[in-house]
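Subject: Structure handover

Hi,

Here is the structure we talked about. Please look it over, then read the notes below.

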Amino acid sequence: MVQLQKPKFVYMGGKLRAWDEAVLHVGCEAVTRGLNVFEGIKGYWQPDGRFGIVMLRHHYERLRRSARLLHIPCDWTYEEYQSAIFELIGALVEPARDMWARTSLYVIEGHWGEGTVADLVVTAYHQDKQPPQPIHLGVSTWRRSSDVALPARIKTSTNYQGGRLARIEGRFLGCQDMVLLNEWGRVAEATGSCVLLVRDGAVYTPPATEGALESITLNLTEALARSSGIDFVRRPIDRTELLVADEIGLCGTLAELTLVKSIQGRSLLEESPVLSVLQARYLEAVRGIIRHSAVELTFLPSCQPVRRVVDR
Ligand code: PMP
């Protein structure tokens, strides 16, 4: 049985509220049509005692892009967005526990695109520190919706209906996550992350035009690969390339870089020499152990540094 955390506070309507008071009306479009856009963001404790949130400005910009596409007004400046997050995380953060937060714009007023009003809501959850464990991955019979139906490049909850069905399908197959193919039968992405595969030492991933979210972690992974001397190529990927890949991984804010131990019931090699290097580099960079110029961290003002970290 899944146990979801019930943190003490939620940011909603411009202030912190008790968890049980953070409710939406059944009549609003956020409920009737699932109308919202959101971002999942992650914050890590740093060796110098600060709490660093990864790529916050990039998440804000993607939130605005998602909102623009769905005609949802986003009246919050970056500073207002940041201060809402600081307020909630500052109230909930605990020593040595990292956090994942969902920042959403829920449509609370309006009808079929007229008089649309949104509210910025932030929920934040504690996260364990251990690196992600390797998983069994399947390929779903459910497909990613096409760009002319529900555009996958943006982050809106309705895009996750297919992913939910794929996860249910995967559970019966013993798979912790599933790949969704696009309308052309090629690899789009997993249910909450992007797909990476390795062939002959190079990393391949499909571009967003293949039906994937415009991922921020994927951009970081590309930068880390390049500075580690690993070729990184974005191109369409056939389903059967998954079956002949040397290594497979998933990347995303929450997935970090998760290694895959089997694909559709076929075991992959025990070692993932290329992706495990990238996984280690990613975790070192977001945790501030070995900083990387591509990995931008925004520090929670209430947590001050205690000693200097190494910049690379
Ligand atoms: N695809 C989907 C469907 C996702 O939910 C996520 C997680 N946000 C990603 C890809 C990876 O995106 P990001 O690196 O920006 O977290």
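Buried here means under 20% relative accessible area, exposed over 50%, and partly exposed in between. Keep in mind that this is a predicted model.

**Salt bridges**

The whole structure holds 19 salt bridges.

Arg-281 and Glu-284 pair through their side chains at 3.1 Å, N to O. They sit 3 residues apart in helix H7 (residues 273-286), about one helical turn. Arg-281 has 10% relative accessibility, so it counts as buried. Glu-284 is partly exposed at 23%.

Arg-144 and Glu-189 form a salt bridge at 2.5 Å, N to O. Arg-144 is in the loop between strand S7 (135-143) and helix H4 (160-173), and Glu-189 is in strand S9 (residues 187-190), so the pair ties together parts 45 residues apart in sequence. Both residues are buried.

Arg-199 and Glu-241 meet at 2.9 Å, N to O, again as a salt bridge. This pair links strand S10 (residues 194-199) with helix H6 (residues 239-244), across 42 residues. Arg-199 is partly exposed, at 30% relative accessibility. Glu-241 is buried, at 9%.

A network of salt bridges joins Arg-65, Asp-147, Arg-153 and Glu-214.

**Nonpolar cores**

The largest nonpolar core has 33 residues; Phe-51, Tyr-81, Ile-89 and Leu-105 touch the most other members. Elements giving it two or more residues include strand S3 (36-45), helix H2 (56-69) and strand S5 (98-111). Helix H3 gives the largest share, 8 residues.

Beyond its neighbours within four places in sequence, Tyr-81 contacts several residues, among them Ile-41, Leu-56, Tyr-60, Leu-63 and Leu-120. A second, separate core has 26 residues, including Leu-196, Ile-216, Leu-257 and Ala-285.

**Helix H5**

H5 (residues 216-227) has 12 residues and spans 17 Å from first to last C-alpha, close to the expected 16 Å. Its buried residues include Ile-216, Leu-220, Glu-222 and Leu-224. Ser-215 caps the N-terminal end, with a side-chain oxygen 3.3 Å from the backbone nitrogen of Thr-217. After H5 comes Gly-229, with a positive phi near 75°.

**Cysteines**

How many disulfides does a search of the whole structure find? It finds 0. The sulfur of Cys-28 is 17 Å from the closest cysteine sulfur, in Cys-74, too far for a bond. For Cys-175 the closest cysteine sulfur is in Cys-194, at 19 Å, also too far. Cys-28 is buried at 6% relative accessibility, and Cys-175 is buried at 13%.

Best regards

How values were computed:
Residues are numbered from 1 along each chain as its sequence is written. This is a predicted model: local features need pLDDT of at least 70, side-chain atom pairs count only at pLDDT 80 or more; totals for chains, interfaces and linings use all residues. Side-chain values use heavy atoms; hydrogens and water are left out. A disulfide is a pair of cysteine sulfur atoms within 2.5 Å. Buried means under 20% relative accessible area, exposed over 50%, partly exposed in between (1.4 Å probe, protein chains only). A nonpolar core is a set of buried Ala, Val, Leu, Ile, Met, Phe, Trp, Tyr and Cys residues joined through side-chain atoms within 4.5 Å. Helices (H or I, at least four residues) and strands (E, at least two) are DSSP runs, numbered from the N terminus. Contact means heavy atoms within 4.5 Å. The expected span of a helix is 1.5 Å times one less than its number of residues. A polar contact is a pair of N or O atoms within 3.5 Å; within protein, one must be able to donate a hydrogen and the other to accept it, and residues adjacent in sequence count only if both atoms are side-chain atoms. A salt bridge is a side-chain nitrogen of Lys or Arg within 4 Å of a carboxyl oxygen of Asp or Glu.
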